[in-house]
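Subject: Structure handover

Hello,

Here is the structure I promised you. Please open it alongside this note. My findings follow below.

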Amino acid sequence: MAVWGLGSRLGLRGCFGAARLLYPRFQSRGPQGVEDGDRFALELVTEKGHTFAEELQKIQCTLQDVGSALATPRSSAREAHLKYTAFKAGPILELEQWIDKYTSQLPPLTAFILPSGGKISSALHFCRAVCRRAERRVVPLVQMGETDANVAKFLNRLSDYLFTLARYAAMKEGNQEKIYKKNDPSAESEGL
């Protein structure tokens with residue numbers, strides 16, 4: 001089966017149903033980019049034997065559901081398709097439970113941290129950045145009524161989960177997180 005077709009070469013993406021959306025090729029892939037980043041992180045996590053690998057695999061499956069919901073615009077999809085691709089709140093609640101589980105094991109956050117903490121932690125921070133970008137692209141679709149608000153909520157909680165998981169991975173591997181320190185321009189000028 002071909003990965004691309006004429007429509008994708010022209011910058012069109014298929015939706016559930018017959019609709020095609022104009023989708024500039026130079027833009028980030030949105031939620032599918034999250035999925036790719038998550039696969040990358042999952043491979044690293046599996047190599048290290050982390051217990052949260054199963055959670056990441058479950059998230060990958062849920063991201064397929066996110067993609068289905070986004071590929072089914074409310075304004076043009078048939079009712080049967082909308083019902084089939086409806087995105088429920090269950091995955092959001094599950095992410096919140098996982099966040100609470102890991103947060104309870106972490107030291108309190110007293111400063112901003114930079115993406116750091118070793119390879120796995122950094123990969124999870126990267127996935128979080130991609131997830132935030134996807135969330136910013138989905139919010140206008142929610143505001144236009146083209147997709148369920150739960151899709152944006154899920155992406156929001158997913159980025160929180162990835163942040164928490166990155167901190168947890170750093171702690172479990174004994175890696176130090178780097179703390180953000182504001183540059184002080186006056187200190188630089190005094191040294192001249």
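Keep in mind that this is a predicted model. The structure holds 1 cavity of 30 Å³ or more. The volume of this largest cavity is about 30 Å³.

Which residues line the largest cavity? They are K58, I59, T62, P91, E94, L95, W98 and F154. By class, 5 of the lining residues are nonpolar, 1 is polar and 2 are charged. Helix α5 (residues 90-103) gives the largest share of this lining, with 4 residues. At least two residues each come from α3 (53-70) and α5.

**The helices around the cavity**

Next, look at how α3 and α5 sit against each other. Their axes come within 12 Å. The crossing angle is roughly 155 degrees. Angles over 145 degrees count as roughly antiparallel, and α3 and α5 are therefore roughly antiparallel to each other. The crossing of α3 past α5 is left-handed.

Helix α5 also packs on helix α7 (residues 149-172). Here the axes are 9 Å apart, and the angle is about 20 degrees. The cut-off for roughly parallel is under 35 degrees. So α5 and α7 are roughly parallel to each other. Again, α5 passes α7 in a left-handed crossing.

**An aromatic link**

The structure holds 7 aromatic pairs. One of them joins W98 and Y161. Their ring centres are 5.6 Å apart, with 45 degrees between the planes. That pair is classed as tilted. Where do the two partners lie? W98 is in α5 and Y161 is in α7, so the pair ties together parts that are 63 residues apart in sequence.

**α6 against α7**

Helix α7 has another partner, helix α6 (residues 119-143). The axes of α6 and α7 come within 8 Å. They cross at roughly 165 degrees. That makes α6 roughly antiparallel to α7. Is the crossing left-handed or right-handed? It is left-handed as α6 passes α7. Sorted by class, the contact of α6 with α7 has 18 nonpolar, 4 polar and 5 charged residues.

**An open pocket**

- L106, P107 and P108
- R167, A170 and M171
- G174, N175, Q176, E177 and I179

Helix α7 supplies the largest share of this lining, 3 residues.

**To sum up**

Best wishes

Conventions:
Residues numbered from 1 in each chain as written. Predicted model: local features only at pLDDT ≥ 70, side-chain atom pairs only at ≥ 80, totals over all residues. Heavy atoms only, no water. 1 Å grid on protein atoms, 1.4 Å probe; cavity = no way out; pocket = protein on both sides within 12 Å on 5 of 7 lines; lining within 4 Å. Axes fitted to C-alpha atoms, helices over the stretch in contact; angles between N-to-C directions. Parallel < 35°, antiparallel > 145°, perpendicular 65-115°, else oblique. Left-handed = near helix turned anticlockwise from the far one by under 90°. Nonpolar A, V, L, I, M, F, W, Y, C, P; charged D, E, K, R; others polar. Phe/Tyr/Trp six-rings, centres within 6.5 Å; stacked < 30°, edge-to-face > 60°. Points joined across faces, edges and corners; volume = space filled by probe spheres on them.
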